[in-house]
Amino acid sequence: MTKAALIYIVDDDNDVRESLRALIESAGFESKDYSSAKLFLSDEPSRGNCLVVDIQMPELDGLELQQEIIRRKIDLPVIIMTGHGDVPLAVRAMKAGALDFIEKPFDSEVMLGSIRRALEVGRNVRNRTEEAKAAQDLLALLTPRERNVLDQLVAGQSNKIAAFELGISPRTIEIHRSRIMDKMHARSLSDLVRIALAATRPL
């Protein structure tokens, strides 16, 4: 059975937290709520799948919390809740990477639609991050010479040109290429290129 996505709620207004918690759980998700950004950060925020946060809070506001999440490299899509007068702040939050902002009082379907989009974005980011990490682990198995050969192959060089560039024979390039494909579990040159490109993505 697939585990339900965990949605974090951070808002100093107890009524808003209760309303959101009921809405989120009625849609089949799990929820965990906090009355302040500091309480949220003192927990384990990396376990969740999405954060819904109010932009206006005492001590640490939603924008500052978002900046702290980015600083800590916590992979968590952020949805900002805002009052009408806070829209310019919410736009700033989106420019800094927030996925969406929703004005209070919010429409239930609008909120759930935003959460579902955030979860999809989060899955895509996690998948790309996992692929990049796996590719980098494979790349680490190569010798320095094999890395040089791989660079030539990814650049689209033929065996003959790669051999000339590296000062070795085309036959040696073929041997290296075979070993590289084995080590990187690549079935074709396109597979090899895809893995090599994935390894260049930042984690």
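**View 1. Phe40 tucked away in the predicted model.** Phe40 is buried in this predicted model, with a relative accessible area of 0%.

**View 2. The ring pair of Tyr8 and Phe40.** Search the whole structure and you get three aromatic pairs. Here, the ring centres of Tyr8 and Phe40 sit 5.1 Å apart with the planes at 75°, so this pair is edge-to-face. The pair ties together distant parts of the chain: Tyr8 belongs to strand S1, while Phe40 belongs to helix H2 (residues 37-42), 32 residues apart.

**View 3. A patch of negative charge on the surface.** Four residues gather in this patch, namely Asp12, Asp13, Asp15 and Glu18. Take Asp12: you'll find it in the loop that runs between strand S1 (6-10) and helix H1 (14-26). With a relative accessibility of 39%, Asp12 counts as partly exposed. The reasoning is simple, because partly exposed covers what falls between buried, under 20%, and exposed, over 50%.

**View 4. Val149 in helix H6.** Look for Val149 in helix H6, which spans residues 144-154. Val149 has 0% relative accessibility, so it counts as buried. As for Ser31, it is 118 residues away from Val149 in sequence, and their C-alpha atoms are 50 Å apart in space.

Definitions and conventions:
Residues numbered from 1 in each chain as written. Predicted model: local features only at pLDDT ≥ 70, side-chain atom pairs only at ≥ 80, totals over all residues. Heavy atoms only, no water. Patch = residues over 30% accessible without salt bridge, like charges linked within 9 Å, V, L, I, M, F, W, Y side chains within 5 Å. Areas by Shrake-Rupley, 256 points an atom, 1.4 Å probe, with all protein chains shown as cover. Salt bridge = Lys/Arg side-chain N within 4 Å of Asp/Glu carboxyl O. Lys, Arg positive; Asp, Glu negative; His and termini not counted. Charge placed at Lys NZ, Arg CZ, Asp CG, Glu CD. Helix = DSSP H or I, 4+ residues; strand = E, 2+ residues; numbered from the N terminus. Buried < 20%, exposed > 50% of the residue type's maximum accessible area, 1.4 Å probe, protein only. Phe/Tyr/Trp six-rings, centres within 6.5 Å; stacked < 30°, edge-to-face > 60°.
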